[in-house]
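Biologist: Before we look at the model together, could you take me through how its features are to be read, giving the general idea and then the case at hand?

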Amino acid sequence: RTTFDSTLGLRDRRVVQIHEDPEGSVWLGTEGGGLVRLRKTRVTMLGLEQGLSSRIIASIVQDAAGTIWAGGRCATLSALAPDGRFQPRLVGVANGRCVVSVLAASDGRL
């Protein structure tokens, strides 16, 4: 359940019309605040809260299987899991080294 109010740009809570367009945007006609368009966010910020090991990302690559890999500067190499969180990978291989660049080979190797 989501509540829409002035913090999200809604100028009037009295909605009198609702319409969803073919692109998935929801339009709200308000009684005194004009027309409001709601649409999915096209940009998602990922950080420590999503499991990244550093705020400084030195390298990012997508492998042949579609996995996104992120290398933090002098931090653990992480892979984006299906649940939307990054998981540390290759911890023993990195052995405390700084990840400066990650490249994906067509055979699946990093």
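Modeller: Buried means under 20% relative accessible area, exposed over 50%, and partly exposed in between, with a 1.4 Å probe and protein chains only. Of the six residues of strand 1, the number buried is zero, so this strand lies largely in the open. Please keep in mind that this is a predicted model, in which local features need pLDDT of at least 70 and side-chain atom pairs count only at pLDDT 80 or more, while totals for chains, interfaces and linings use all residues. Residues are numbered from 1 along each chain as its sequence is written, and side-chain values use heavy atoms, with hydrogens and water left out.

Biologist: How many bridges join strand 1 and strand 2?

Modeller: Two strands pair if DSSP finds at least two bridges between them. Strand 1 and strand 2 (residues 26-30) are paired in the antiparallel sense over five bridges; Val 15 has Thr 30 as its bridge partner, and Ile 18 stands opposite Leu 28. The two strands form a hairpin with five residues between them, and Gly 24 in the turn has a positive phi of about 95°.

Biologist: Which strands stand at the edges of the sheet?

Modeller: The sheet is an open one of three strands in the order 1-2-3, with antiparallel pairing. Strand 1 and strand 3 (35-38) stand at the edges, each with a single partner strand, so one side of each is left without a neighbour in the sheet. On average, neighbouring strands of this sheet are turned by 20° against each other, direction ignored.

Biologist: Which residues make up the largest nonpolar core?

Modeller: In soluble globular proteins, nonpolar side chains tend to be buried together. A nonpolar core is a set of buried Ala, Val, Leu, Ile, Met, Phe, Trp, Tyr and Cys residues joined through side-chain atoms within 4.5 Å. Here the largest such core has six residues, namely Val 61, Trp 69, Leu 77, Ala 79, Val 99 and Val 102. Contact means heavy atoms within 4.5 Å, and, not counting residues up to four places away in sequence, Val 99 touches residues including Ala 58, Cys 74 and Leu 77.

Biologist: Is Ser 59 buried or exposed?

Modeller: Ser 59, which is found in strand 4 (residues 57-62), is buried, with a relative accessible area of 9%. Its side chain reaches the backbone nitrogen of Val 102 at 2.7 Å. Leaving aside neighbours within four places in sequence, Ser 59 is in contact with Trp 69, Ala 70, Gly 71, Val 100, Ser 101 and Val 102. Ser 78, whose place is in strand 6 (residues 77-80), also counts as buried, at 1% relative accessibility; among the residues Ser 78 touches, those up to four places away not counted, are Trp 69, Phe 86 and Pro 88.

Biologist: Where is Thr 67 found?

Modeller: Thr 67 is found in the loop between strand 4 and strand 5 (68-72), and at 23% relative accessibility it counts as partly exposed. The C-alpha atoms of Thr 67 and Ala 81, 14 residues apart along the chain, are separated by 7.7 Å.

How values were computed
Helix = DSSP H or I, 4+ residues; strand = E, 2+ residues; numbered from the N terminus. Polar contact = N/O pair within 3.5 Å; in protein donor to acceptor, adjacent residues only side chain to side chain. Axes fitted to C-alpha atoms, helices over the stretch in contact; angles between N-to-C directions.
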